[in-house]
Amino acid sequence: MSYAAAAGTIVAQILALPEFARVQALFPDTGLDEATLAEIVSGAADLAEGVIAPFNLQADRAGCTLDQGRVGLAPGHHAAWQAFVEGGWPTLEGATEWGGAGLPMLVHSACEELFNRASPAFGMLPTPMRCATKVIERYAEPALRAEWAPRLVDGSWAATICISEPDAGSDVPRLRTMAVPHEDGTWRVTGEKIWISYGDHDLTPRIAHMVLARTPDGGPGSAGLSLFLVPSDIDGARNAVIVRRIEEKLGLHGSPTCAMGFEGAVGHLIGTPGRGLAQLFTMIIGMRLSVGSQGAGIAGAAASLAWRYAAERRQGGKADAPPVTIDRHGDVQRMLLSLAARAEVTRGLVLTASAVSDLQAREPDEAARSQAGLLLSWLLPITKNFAAEAASLCASEAIQVLGGAGYTREWPAEQYLRDARVLAIYEGTSGMQALDLMLRRVLGDEGRAYHAFLTRARADAAQLGNNALGELLDMLEQATAGLDKTKGVIVAYPFLQLASLATTGWIAARLAALSDTPTHDHLAALGRHWLLMAKAQALSEAALVAHGSDLVSAFPHVDPTQLG
């Protein structure tokens, strides 16, 4: 696959974004013109193709090990990480105050897609480092901030996010890890945490574990949770943080997923007691956007592989003539178009959400900043879930195009599918994203996020003269009109699918309006095709939403003992 071609298309999408000019204006010190943008994204493509992708092949087969309580990484990981750090890639979005490049999230997401295209397992490490920095610089005491922020920004230290516990995964109010104050002003943290990506490694000498824990005077539920930074090492000695095991996983073999024990480990309170979950959402929001980049990377890689294979594989045609390449067959063309269109609107969705996040962070006018924030709150659950599912769907369809070859380890399609499956689970499952969209963005807060999107998309549909987008928005409005909380929790997932189709229809309508260059013509064709597909799929999802409680009416009548 051509990383250079992917980089060129990414840059073309960014330059075509209506938000890009405003992002440029809000980051005046970065010199972010077309040439600079192309140079940065091309550099990321070179590293992804030349260093990270070769590492990925070794990492998937070798995996990680646990020996005497320490994680051993796959061969080649240290060299790949060194090249990543020496190239300054961890610093892209970091604040200049801490030695970062201060570039927009939009540029970071563009590069992050390419790194994840090469190896989502590799990309699992820098994401929590970047996102933990946001929490630390916003809420930590000055001394702790000065100690950790510069080293997280430049990649010399690492970070994790420690929320889930046995029997309390997404059920955050039931977390039991306890933090007790110590006379020296630190805390002692005790408890068990699971699903911790890169919970231990030797790529960096220190790791900041961002731990949600209860305090002795904290009440029940999420209101009693506080946030702590628990260092892996203190003055060269190991803190009381133990790796219990490494999970054996379907995919992401190069990324160690650890079960961690905190046995009276020294920790530092971050921010306000009892506000840990709210503060941690600063980190979670960034990580969910990074899941979008992961999904875009895998989806793009799968689409590229399928098109390349179909253009070379010969089968079928007239019996008295040489076989033709399979991209001559109508059914294969249908699959290839579906793959490419889904991958491209996924990319556009992630880039748009990233640009809106830049506006929300930088707009000096309060009203403009508020509108960007509302649009972002609509886009985040959709971006996270749509990109996650796009990765799995594109990987699965690529295997179908490759046929039996796609099911073998000779080709990377099977790894794409294995690596992609977890994207719809971590950082909030599909069901959680659906409930978040339904209860908070539509039925809660007077539906301000929903109306912000609808107003923006309606204006674009009118300006572009795109009737297909208008029809998608009509279906979304009609479905929304009949919602209430009782019905909403049942139909939240099909509503999320419908909202995603309307939102990606908005992205596709923007792409469909492009012209004047070969790349624009390519993007416009895929935009038109996605609008065609989205309308047909939206009709189905709208019908499911309309069924309401009927979607679960048969549940009491099913006898699970009959399932065997």
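Reply: In this predicted model, the largest cavity has a volume of about 270 Å³. A count of cavities of 30 Å³ or more comes to one. The lining of the largest cavity is made up of 23 residues, and those closest to its centre are W89, P90, H108, P126 and R130.

Which elements give two or more residues to this lining? They are α5 (105-118), α6 (120-123), α7 (126-139) and α8 (142-153). Helix α7 supplies the largest share, with seven residues. Sorted by class, the lining of the largest cavity holds 12 nonpolar residues, together with six polar and five charged ones.

The packing of helices may be considered next. Two packed helices are described by the angle between their axes and by the distance between those axes. For helix α3 (residues 34-62) and helix α4 (residues 77-86), the angle is about 155 degrees and the axes lie 9 Å apart. An angle over 145 degrees counts as roughly antiparallel, and α3 and α4 are therefore roughly antiparallel to each other. Their crossing is left-handed.

Which residues meet where α3 and α4 are in contact? From α3 come L47, V51 and F55, and these meet H77, A80, A83 and F84 of α4. By class, this contact has six nonpolar residues and one polar residue, with no charged residues. The lining of the largest cavity, by comparison, includes five charged residues.

How values were computed: Residues numbered from 1 in each chain as written. Predicted model: local features only at pLDDT ≥ 70, side-chain atom pairs only at ≥ 80, totals over all residues. Heavy atoms only, no water. 1 Å grid on protein atoms, 1.4 Å probe; cavity = no way out; pocket = protein on both sides within 12 Å on 5 of 7 lines; lining within 4 Å. Points joined across faces, edges and corners; volume = space filled by probe spheres on them. Helix = DSSP H or I, 4+ residues; strand = E, 2+ residues; numbered from the N terminus. Nonpolar A, V, L, I, M, F, W, Y, C, P; charged D, E, K, R; others polar. Axes fitted to C-alpha atoms, helices over the stretch in contact; angles between N-to-C directions. Parallel < 35°, antiparallel > 145°, perpendicular 65-115°, else oblique. Left-handed = near helix turned anticlockwise from the far one by under 90°. Contact = heavy atoms within 4.5 Å.
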